[in-house]
Amino acid sequence: MTRVLIVEDEPSFVEALQVSLGAEGFEVHAAVDGKAGLEAFRRVHPDVVLLDLMLPLLPGLDVLRAIRKDSDLPVIVVSAKGAEADIVSALELGADDYVTK
């Protein structure tokens, strides 16, 4: 079963993703801030990470940097930040894709 880690601080968005992905057969884990996201990444060993950029405690770009030090698993940034500079920064740091909410 494919393990998905959602690192997102908006509860309604997390719930929607958990329901949708769970219905498709994915094993879904969630973290509500950047620090908890890194802890979950190390504990869960996900197959893919859906990562928000605007997170409490540790920004999403810092989470991405830390993940890239340990792994090349797919990381998809899902963020409300849609400026070209934000997208380029995330992709340059190793995000595999960028989806604007």
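Helices (H or I, at least four residues) and strands (E, at least two) are taken as DSSP runs, numbered from the N terminus. On this basis the protein reads β-α-β-α-β-α-β-α-β along the sequence, with four helices and five strands. The model is predicted: local features need pLDDT of at least 70, side-chain atom pairs count only at pLDDT 80 or more, and totals for chains, interfaces and linings use all residues. Residues are numbered from 1 along each chain as its sequence is written, and side-chain values use heavy atoms, without hydrogens and water.

The C-alpha trace spans about 35 × 25 × 25 Å along its principal axes.

Buried residues (under 20% relative accessible area, 1.4 Å probe, protein chains only) make up 39% of the 101 residues. Contacts are heavy atoms within 4.5 Å. Among contacts between residues at least 6 apart in sequence, 59% join residues at least 24 apart.

Helix α3 covers residues 60-70. Its buried residues are Gly60, Val63, Leu64, Ala66 and Ile67. Seen down the axis of α3, these fall within an arc of 165 degrees, so they line one face of the helix. The arc is that of the directions from the helix axis to the C-beta atoms.

Key
Buried < 20%, exposed > 50% of the residue type's maximum accessible area, 1.4 Å probe, protein only.
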